[in-house]
Amino acid sequence: MSRVQLQCKNLQEFLRGLSPPTLDRLYGHPATCLAVFRELPGLAQAGILRMLFLEQPLPQAAVGLWVKKEHGREQQQSQEVLLELRLWHPHTLPGGLPGVALHPNFRQNLRVALLGGGKAWSDDTAPLGPDRHARDVPALDKYAEERWEVVLHFMVGSPSAAVSQDLAQLLVQAGLMKSEGGEPPCITSAGFQFLLLDTPAQLWFFILQYLRGAEARGMDLVEILSFLFQLSFSTLGKDYSVEGMSESLLTFLQHLREFGLVFQRKRKSRRFYPTRLAIALASGTAGTSLGTSLGTSLGTSLGTSLGTEPDGHGFILVETNYRIYAYTDSELQVALIALFSELLYRFPNLVVAQVTRDSVQAAIANGITADQIIHFLRTRAHPVMAKQSPVLPPTITDQIRLWELERDRLRFSEGVLYNQFLSQVDFEVLRDHARALGVLVFENPARRLMVVTPAGHPDVKRFWKRQKHNG
């Protein structure tokens, strides 16, 4: 059975995949330029600042003098980033010398972002008067956490969690959930990995999936990206006006509201409040989350109900009789444990569950792997268990892997069958050629049967035709 490893592009990788016209439009807003600048490597930032007030192209030889020779490799990598993001444009100077110039729109708007001036990034809410239903920072934090937890509860199948059809469809398209034959969506292996990530990494992955399908939904990718970067420079606890927003942005705002990135009291309300999740999403404080693949973030936590308990300690005890004792009152943690075990008892701050063959194989049938289950238990182990070596009883880990192997006895591979050879020599010649190409899947010399991969079939077929023609 193939295992899916959840991967995610960071901000630079995502921007590199955009078309040149899209990047040129994206650099038309100061907030976007400042957000992109903030995510650049240090040497690339230094190169941008040195050229920020130069109107003419700079000789490439002069650029090479900015860094000592022993750091030439780092400089080359930074220059490649700048060229791929179209921040630097190659030029030919008089006399044929190579040179570079800063993207004109990026230069102009980064100046505005750093020095001030220009048009206000958002409309003033003064004409709306004071907000009678204003929200303070603690209320916004609580709202953001509750909204995001609804999404996670929906993923683990909590009956009380309900999301919009658009959000459910996005979860399926992202591969975090699957829906077959009209059945309600259920979590996938990638979805289980997603639940083990910290909140910033989850949000970044989720927003990336949203952006990939934005144009298919009739939305302007540049417009919503610019708005997203604007939010990262917002002030927590301050309200902002929706006046002047296009229909596309208003739709995007409602989706952000459902994710917990903004608070808007009603759909028709003329003001909204960005939450801490939106501000941290594309800000420098979240750079570590943006710059790493999600696979390396497994098991990390911000101390919310998404990982270990708020005090930073683990809360799970596992006994050799396959009993799990979870000291938690988090509904999400209970739902996660229920994905691979049978719940026996529920107390105010304690849940008792049993790991069984049926419960583990039901989880594996939904795409969750044995290693993911073991990783979940190990990273959330109670401090008493964490002192042991190994942390989990070997009988538990070995048995979970054995139950997985029971389902993985057969492995299916697509292939093309070759048979009816006239002689054993013909069979061996073609088999040896397929083996040399690395495309041989199966062979049965006694019956003169062989199977090759679909990708290797054209090469093997051409070779066989040449053999018959030469013979």
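Against which helices and which strand do the buried residues of H6 pack? They pack against helix H1 (11-16), helix H4 (42-50), helix H5 (60-64) and strand S2 (88-92).

This is a predicted model, in which local features need pLDDT of at least 70, side-chain atom pairs count only at pLDDT 80 or more, and totals for chains, interfaces and linings use all residues. Residues are numbered from 1 along each chain as its sequence is written, and side-chain values use heavy atoms, with hydrogens and water left out.

**The chain**

The chain holds 22 helices and 15 strands. Helices (H or I, at least four residues) and strands (E, at least two) are DSSP runs, numbered from the N terminus. Of the 471 residues in the chain, 46% are buried. Buried means under 20% relative accessible area, exposed over 50%, and partly exposed in between (1.4 Å probe, protein chains only). The chain exposes about 24,000 Å². Carbon and sulfur atoms supply 53% of that area. Accessible areas come from the Shrake-Rupley method with a 1.4 Å probe. Contact means heavy atoms within 4.5 Å. Among contacts between residues at least 6 apart in sequence, 67% join residues at least 24 apart.

**Helix H6**

H6 covers residues 72-84. At 1.5 Å a residue, its 13 residues should span 18 Å, and the end C-alpha atoms are 18 Å apart, which agrees. The expected span is 1.5 Å times one less than the number of residues. The buried residues of H6 are Gln-75, Ser-78, Gln-79, Val-81 and Leu-82. They cover an arc of only 155 degrees around the axis, so they sit on the same side of H6. The arc is that of the directions from the helix axis to the C-beta atoms. An α-helix has 3.6 residues a turn, so residues three or four places apart point the same way. Just after H6, Arg-86 takes a positive phi of about 60 degrees.

Ser-232 lies in helix H12 (residues 221-232). Its side chain reaches the backbone oxygen of Phe-229 at 2.6 Å. The C-alpha atoms of Ser-232 and Thr-32 are separated by 9.8 Å, although these residues are 200 apart along the chain.

| Residue | Relative accessibility | Class |
|---|---|---|
| Ser-232 | 5% | buried |
| Cys-33 | 0% | buried |
| Cys-186 | 26% | partly exposed |

How many disulfides are there? With a disulfide taken as a pair of cysteine sulfur atoms within 2.5 Å, the count comes to 0.

Methods: A polar contact is a pair of N or O atoms within 3.5 Å; within protein, one must be able to donate a hydrogen and the other to accept it, and residues adjacent in sequence count only if both atoms are side-chain atoms.
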